[in-house]
Amino acid sequence: MLKLHFAPNSRAGRIVWLLEELELPYELNRMDFHPKDLKSDEHRARHPLGRVPVLEDGDVSLYESGAIVEYILERHKNGGLKPAVDSPEFPAYLQWFHYCEGMIMPPINTIVVHTLLLPPERRDETVLGQAKRLLTRGLEPVNETLAGKDYLIGDFSGADIMLGHACFMSNRSGCVTDEMTDLKGYISRIEARPAFQKAMAT
Ligand SMILES: N[C@@H](CCC(=O)N[C@@H](CS)C(=O)NCC(=O)O)C(=O)O
């Protein structure tokens with residue numbers, strides 16, 4: 001049975017969302033998003049940096065959310081929620097899948113650090129402002145690609161699990177502008193999916 005090491009309000013929600021979309025059985029180790037759990041010796045043995053998500057599958061132990069999504073889609077879903085390698089959608093699938101951790105999550109990380117994680121006296125408004133502007137700029141191509149489409153490559157896919165979740169987080173930090181109407185609609189469609197709702201309530 002797949003075992004997911006999880007903490008709420010984190011990227012680990014992506015993996016719960018995927019498992020729920022695929023209706024795969026799994027066991028959940030729900031930790032607090034707090035150093036007492038994440039930096040414990042027990043969890044550092046699973047992830048050297050003490051982060052989530054971590055997936056265990058028999059002898060396999062894997063961290064890095066994108067790798068976990070790919071692993072589940074390949075080993076447990078025979079390529080489901082993923083276009084065929086020779087399909088016209090495949091290049092865009094790869095691009096948007098990786099745009100998540102490559103372009104959108106770095107400024108989100110900075111925003112989280114300078115609004116939540118650092119003590120107030122160490123938070124820097126200049127750094128925060130730069131990260132918010134960078135995030136909004138990074139979302140503009142996502143808004144553009146969504147014109148006339150329900151999901152990033154048309155049909156719902158693993159790219160939405162990754163980048164859709166990051167767009168939801170971006171919206172919560174106020175970086176999706178009112179002009180980004182296609183992106184706003186996309187986030188609403190994601191929020192309406194029962195598997196996403198279940199993941200966010202986990
Ligand atoms: N690129 C990694 C990032 C993992 C990561 O930074 N996870 C965050 C939660 S969103 C975490 O565990 N942070 C706890 C900490 O840094 O102490 C992934 O996608 O899995």
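The model is a predicted one.

The protein chain contains nine helices and four strands. Along the sequence, these elements follow the order β-α-β-α-α-β-β-α-α-α-α-α-α. The radius of gyration is 17 Å, close to the 17 Å given by the globule rule for 202 residues, so the chain is as compact as a globular protein of that length. Along the principal axes, the C-alpha atoms occupy a box of roughly 50 × 45 × 25 Å. Buried residues make up 35% of the 202 residues of the chain. Among contacts between residues at least 6 apart in sequence, 65% link residues at least 24 apart.

The domain assignment divides the protein chain into domain 1 (2-75) and domain 2 (90-193). A distance of 21 Å separates the C-alpha centres of domain 1 and domain 2. Seven residues from domain 1 and seven residues from domain 2 take part in the contact. On the side of domain 1 that touches domain 2, the elements giving two or more residues are α1 (12-22) and α4 (65-75). Helix α1 provides the largest share of this side, with four residues. By residue class, the side of domain 1 that touches domain 2 comprises four nonpolar, two polar and one charged.

In soluble globular proteins, nonpolar side chains tend to be buried together. In this model, the largest nonpolar core holds 48 residues, of which Leu 163, Ala 166 and Leu 183 touch the most other members. Helix α5 (residues 90-117) supplies the largest share of this core, nine residues. Because domain 1 (2-75) and domain 2 (90-193) both give residues to the core, it lies between them. When residues up to four places away in sequence are left out, Leu 183 touches Leu 139, Val 142, Asn 143, Leu 146, Cys 167 and Val 176.

The residues around the ligand are Ser 10, Arg 11, Leu 38, Gly 50, Arg 51, Val 52, Pro 53, Glu 64, Ser 65 and Glu 101. Three residues of this shell are nonpolar, three are polar and four are charged.

Technical notes
Residues are numbered from 1 along each chain as its sequence is written. This is a predicted model: local features need pLDDT of at least 70, side-chain atom pairs count only at pLDDT 80 or more; totals for chains, interfaces and linings use all residues. The radius of gyration is taken over C-alpha atoms; the globule rule is 2.2 Å times the number of residues to the power 0.38. A residue is buried if 20 or more other C-beta atoms lie within 10 Å of its own, exposed if 12 or fewer, and partly exposed in between; C-beta atoms are placed from the backbone. Two residues are in contact if their C-beta atoms, placed from the backbone, lie within 7 Å. A residue is near a molecule or strand if its C-beta atom, placed from the backbone, lies within 6 Å of it. Ala, Val, Leu, Ile, Met, Phe, Trp, Tyr, Cys and Pro count as nonpolar, Asp, Glu, Lys and Arg as charged, and the others, Gly among them, as polar. A nonpolar core is a set of buried Ala, Val, Leu, Ile, Met, Phe, Trp, Tyr and Cys residues joined through C-beta atoms within 7 Å. Domain bounds come from an automatic or database domain assignment.
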